[in-house]
Amino acid sequence: MMDRRLIENFDWSIIWVLLGIICIGLLSVYSALYPQIRANPTHNLFIKQIMWLSLGFGVMFFTLFLDYQKLKAVSFWLYLATVVLLAAVLVVGKEVNGSKRWLELAGFQFQPSELMKIVIVIQLASYFSTQEMTSYPPLKKLLTPLAFVAAPVLLILAEPDLGTAICILAISGTVIFFMGIRWKYILAMMIGVIPLLMPIWMTVLKPYQKRRIEILLRPDLDPLGAGYHIRQSKIAIGSGMLWGKGFLNGTQNKLHFLPEKHTDFIFSVWAEEWGFVGCLVLLVLFGLLVFLSLRVARRSKDRYGALLVVGMTALILWQALINIGMVIGLLPVVGITLPFVSYGGSSLITLCFAIGIIESVSMRRYVFQTR
């Protein structure tokens, strides 16, 4: 039987905010797919999204019963297995639009890089929680965690998936920063990256990725080619004005001007139909989710739990910031979804797992381990 204190410390406020974001996601996905559903009701990705959501909630419910402390014992093997999966993607992965990001298992497509967003947090939290750390750890203490981050990032860049690689770097950087890295190290790393920019530009980035960065710097460079996505996205967001055009009335969406509208550019669909007010509501909900999650980290009974929650919160925060920055033209288009809003099974299940971990830490903040 489950300990009564576990149920009492379940944070319902996180779930209510999450349900608000998910409702916005379902409305947006339905609207984005509406022309397709009308043309061919049997090919209904909206029903598939409901199925993914149900599976995601199942994963989250399972995670609640999982004592997060047990993850520490298997963290390295979990990390190693995910790195092997990332390597397997490059060999036997399914290629779509020039990228190898998916493995097919029993008829389902699976993206190991999404799993790595969670696993890298578990591994870093496990490492830092077992080390004798001072307020400002010396540089040599950071070399091992930096190696943990570098291996999957290089494999993901080889797929290529620049957006997920940046997201993992941002999540890992947040966890390391939370441990109290000195500002001189951050400054040294920023200065150290500068000489690498040109080699990265020449050897790592694909031609279409370079073009997207050029479009960011010069938005009118190629309006009918590489700049088409972001141009149509800005038109959709701007045309929503204060209150939006109304549910299912977004013309950029209905007339198929907006590309990737049910995945990467779902925020543009929401902005066109619900306007500035709708965008503000969504941003407030994301802000509340981050605030409530960090409150769980502050109340955690141990460093490992706090680091897990900080990492999972960073996953949601950075993914949302990168996606929204991308669709409003502040960041280059890197192909990353909006958490709990965009269509997609791997992303949704990963994020539900993250919420399950946060709740698991919250539920066990007053429960002490017995040896």
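Contact here means heavy atoms within 4.5 Å. Keep that handy for the exercises below, which all use a predicted model.

**Exercise 1. Work out the surroundings of Leu 142: where does it sit, is it buried or exposed, and what does it touch?**

Step 1: Find the element. Leu 142 belongs to helix α6.

Step 2: Check the accessibility. Its relative accessible area is 2%, and the limit for buried is under 20%, so Leu 142 is buried.

Step 3: List the partners, skipping neighbours within four places in sequence. Leu 142 is then in contact with Phe 128, Pro 137, Ile 176, Ile 181 and Tyr 185.

Step 4: Leu 142 and Thr 63 are 79 residues apart in sequence, and their C-alpha atoms are 29 Å apart in space.

**Exercise 2. Say how far you'd trust the model, and which helices mark the two ends of the confidence range.**

Step 1: Start with the whole chain. The mean pLDDT is 88, with 96% of residues at 70 or more.

Step 2: Go element by element. Helix α1 (residues 4-8) has the lowest mean, 76, while helix α13 (residues 266-299) has the highest, 96.

**Exercise 3. Classify the ring pair Phe 76 and Trp 77: stacked, tilted or edge-to-face?**

Step 1: Count the pairs. With ring centres required to lie within 6.5 Å, the model has 14 aromatic pairs.

Step 2: The centres of Phe 76 and Trp 77 are 5.6 Å apart and the planes meet at 75°; over 60 degrees counts as edge-to-face, so that's the label.

Step 3: Look at the accessibility of each ring's residue. Phe 76 is partly exposed at 36% relative accessibility, whereas Trp 77 is exposed at 59%.

Step 4: Look for other aromatic arrangements. Tyr 30, Tyr 34, Phe 46, Phe 247, Trp 270 and Trp 274 make up one aromatic cluster. There's also a charge over a ring: Lys 72 lies over the face of Tyr 304, 4.8 Å from the ring centre.

**Exercise 4. Describe the largest nonpolar core and the part Phe 340 has in it.**

Step 1: Take the core itself. It holds 100 residues, and Phe 340 and Ile 355 have the most contacts inside it. Helix α14 (residues 303-327) gives the largest share, 14 residues.

Step 2: Look at that helix. Of the 25 residues of α14, 21 are buried, so the rest of the structure largely encloses it. Its first and last C-alpha atoms are 36 Å apart, close to the 36 Å expected at 1.5 Å a residue. After α14 comes Gly 329, with a positive phi near 90°.

Step 3: Zoom in on Phe 340. This residue lies in the loop between α14 and α15 (345-363) and is buried, with 4% relative accessible area. Beyond four places in sequence, its partners include Leu 18, Ile 21, Leu 289, Ile 316 and Ile 355. Phe 340 also has a positive phi, about 65°, although it isn't a glycine.

Notes:
Residues numbered from 1 in each chain as written. Predicted model: local features only at pLDDT ≥ 70, side-chain atom pairs only at ≥ 80, totals over all residues. Heavy atoms only, no water. pLDDT = per-residue confidence, 0-100. Phe/Tyr/Trp six-rings, centres within 6.5 Å; stacked < 30°, edge-to-face > 60°. Buried < 20%, exposed > 50% of the residue type's maximum accessible area, 1.4 Å probe, protein only. Lys NZ or Arg CZ within 6 Å of the ring centre and 35° of its normal. Core = buried A, V, L, I, M, F, W, Y, C linked by side-chain atoms within 4.5 Å. Expected span 1.5 Å × (residues − 1).
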